[in-house]
Amino acid sequence: TAGRQAPVPGQGGADGRGRGQDRAIAFAAALHAVLGRRVHVITANDYLADRDAALLGPVYRSLGLDCGAVLGHMERRERRHIYRRGIIYGAMRELGFDHLRDHLGTAPEERVQQPLDVAIVDEADHALIDEAYTPLIISGNPLGGTRWAVRVNGAVADMIAEQRVLAEGLAQDLDANDDRSPERLRLLAKLILANPDNKTLRQHVSQALHAHLLQQRDVDYLVDDDSVVLIDQHTGRPKPDSIYQHGLQQAVEAREGVTVQPENETLAQISVSGLVSRYGQVAGITGTAEPAAGEFRRKYGLVVAVVPPAHPLLRTSIPPAVYLSREDKLAAVVDEVEARHRTGQPVLVGTRTVEQSEELAGLLSERRIPHRVLNAVTTHTEAAIVRDAGAFGAVTVATHMAGRGTDILLEPNLDDRMGLCVMGTEVHDSSRITLQLNGRSGRQGQFGMTQTFLSLEDRLVNLDAEAILKLANCRRMDAAGLTCYTGPDVSRRIQQLQDAADREGESQRALIQDYAAELDHQTHLYHQRRQELIGLASDTERVRPMCEQVVAKVASRLAAKHLGPDVDNDYAVRFGRMQAELRRDFGVECSHLYGMDLGLLPESLAELLTAQLDRLASRCGGSAFPELARLLYLQVCGELWPGHLTTLRDLLAVQLLSGSNHKSSVAAYILRCTGAWNAFWDMVDEEFLSRLATLQTGASGTQAAQPVKVSGATERLLAMDAPLPVDEGHGSITLI
């Protein structure tokens with residue numbers, strides 16, 4: 001029965017219990033493996049990959065299958081050995097980094113991964129929906145300095161202070177009189193527009209404003225020693241390996257007064273969604289897939305199948321209560337916690353942010369209620385806190401990091417009729433977060449209880465505050481005499497708010513998907529091209545035709561660039577420029593082509609360039625020239641690709657600042673990216689041909705005096721002689 005309920009290709013499993021997912025995955029993994037497919041079981045981190053591979057290894061071996069785990073500390077040789085096994089456990093980041101490193105190589109034997117057959121994703125909704133378009137990035141050298149962040153931070157801080165004073169004055173003035181004269185409107189326009197023509201200034205100032213006005217400490221990030229650590233908005237856990245992109249990380253660091261780290265060059269990049277799409281078959285399992293069933297179907301073609309629970313659900317859900325103010329809500333939460341603590345029932349209180357959890361903990365301390373706090377600041381004690389959260393009378397205050405990847409076990413001698421009580425204190429942006437938190441209670445047939453306390457001042461509830469206040473039939477007084485609204489009509493209103501938040505989140509993810517898809521598409525095409533070049537190592541006869549195609553393209557572009565159809569009386573000047581460029585960049589003399597029919601010029605230039613390559617081939621030897629050309633083309637691609645990725649990122653940053661609607665904005669971005677893609681390959685062709693045509697060879701004429709090597713950054717990445725520090729991005733995961 002369990003085997004039939006395990007994930008199969010094109011299907012995502014939803015287990016309402018959230019327990020036994022690792023064992024359910026084993027059935028599907030074994031089924032694929034016995035059919036000769038190589039299976040990657042993708043976990044959230046190294047710990048889970050190592051744990052599950054060790055736990056289920058004996059099961060696989062009893063079936064004649066071998067399995068292993070790819071972990072962050074492993075060297076390249078060890079990774080290659082693990083990837084030869086039938087079932088491989090690994091974190092998304094490790095599998096993604098190995099995939100990217102394999103495409104930085106220059107020979108087939110440098111690859112560590114085998115072809116990507118089957119992927120089974122644990123916690124599939126978090127990995128494939130929430131983190132789908134977080135890019136995995138391998139970074140190189142720092143790009144520029146960090147002084148701009150510090151200087152802009154001070155200017156923006158002063159500007160915000162002055163702006164607030166000015167805005168208050170304008171507001172008071174507008175209340176006093178309705179002056180809409182042209183001079184007044186022009187003043188307001190200047191204040192809003194500032195200097196929009198300076199793109200660099202606009203981006204830097206925009207990121208500084210973003211850091212000051214939109215990013216919240218202990219909500220979006222926390223400060224740990226001398227660094228800024230991001231907080232995962234979906235799990236509440238810290239992401240020490242993550243950084244913001246497009247200069248936002250530096251702007252936040254400058255705002256917080258910590259050491260500003262420079263932004264690094266991107267050598268290779270792919271999103272989680274792009275990586276998963278490389279697999280032939282994909283499946284997944286999670287406890288909260290059902291709310292995201294539509295996204296799974298649209299984005300991945302996966303059908304969500306709900307696995308019925310092994311035991312009946314004994315969890316009681318008390319309807320939400322909405323209080324008039326935030327202070328009343330917190331007082332009601334503390335009263336309820338105190339009452340249940342006295343009976344010995346363990347309580348888990350969920351909050352949205354670190355700040356809220358610390359505030360609630362302070363109120364509990366004032367009542368002398370013993371408790372423990374689990375949030376992004378206290379992750380070093382997470383195991384102990386979770387272990388004791390099911391004890392008699394335990395009180396745990398946690399962000400929603402307690403909702404995913406944790407098991408709170410009740411004390412054996414605890415009265416099963418009480419179970420764990422989970423209290424929510426806010427409507428989350430995603431219903432899946434609420435389901436994950438509530439899912440800690442009433443597991444495996446145990447009793448449990450969930451209760452939600454809200455206020456009209458809460459971020460999402462406030463959007464419908466007037467409608468809730470009109471529900472007079474739902475107005476109640478709680479045991480402490482506090483006014484609240486509760487009942488079926490209130491529950492329906494809250495559910496409508498939750499549904500609207502889910503739709504808004506899906507809309508935002510769809511926008512990100514449209515942007516990320518273009519970069520993933522170009523990355524895929526680039527990797528395909530590199531693999532074709534690597535494959536030429538065993539088919540050198542195809543190298544010469546490749547060179548001839550490059551020659552024809554470059555010759556045609558040179559002729560069009562200097563002597564296009566618009567050439568008029570300045571023919572001599574333009575021809576002179578072309579002659580100088582050919583002599584300087586390609587070592588070719590073309591003075592005898594002066595006055596030639598423009599229609600025949602590209603072919604004549606191609607003959608000159610081909611003759612130059614023939615001379616090089618004769619000096620190098622017929623067998624050495626193809627390998628030399630192949631390696632040189634790979635080297636040029638590797639050197640110019642990071643610059644192209646930077647161009648795409650800059651195009652995205654500029655496009656996000658535009659006021660266009662979704663469709664036109666994405667269309668404009670794709671058009672610009674397509675132009676950048678064509679320009680990139682034009683640059684590759686010209687740089688490759690220039691280096692090849694002007695390459696100096698040794699006196700012996702048998703080989704080049706300067707052997708072609710990959711760039712230093714690429715060479716270090718390929719060597720992997722020692723573990724490399726890893727740095728993730730918000731948006732990004734970066735390996736330096």
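In which sense do S8 and S9 pair, and over how many bridges? In this predicted model, S8 and S9 are joined in the antiparallel sense, over 2 bridges. Within this pairing, Leu 230 has Lys 239 of S9 as its bridge partner.

The pairing belongs to an open sheet of 3 strands, arranged in the order S7-S8-S9 with antiparallel pairing.

Val 223 has Val 228, in S8, as its bridge partner. S7 and S8 form a hairpin in which 2 residues lie between the strands. In the turn of this hairpin, Asp 225 adopts a positive phi of about 55°. Helix H10, which comprises residues 248-256, lies across S7 and S8 and runs at about 120° to S8.

A separate strand, S18 (residues 447-455), contains Ser 455. The relative accessible area of Ser 455 is 0%, and the residue is therefore classed as buried, the cut-off being under 20%. When neighbours within four places in sequence are left aside, the contacts of Ser 455 are with Val 322, Tyr 323, Ser 325, Arg 326, Lys 329 and Val 461.

Definitions and conventions: Residues numbered from 1 in each chain as written. Predicted model: local features only at pLDDT ≥ 70, side-chain atom pairs only at ≥ 80, totals over all residues. Heavy atoms only, no water. Pairing = 2+ DSSP bridges. Helix = DSSP H or I, 4+ residues; strand = E, 2+ residues; numbered from the N terminus. Buried < 20%, exposed > 50% of the residue type's maximum accessible area, 1.4 Å probe, protein only. Contact = heavy atoms within 4.5 Å. Axes fitted to C-alpha atoms, helices over the stretch in contact; angles between N-to-C directions.
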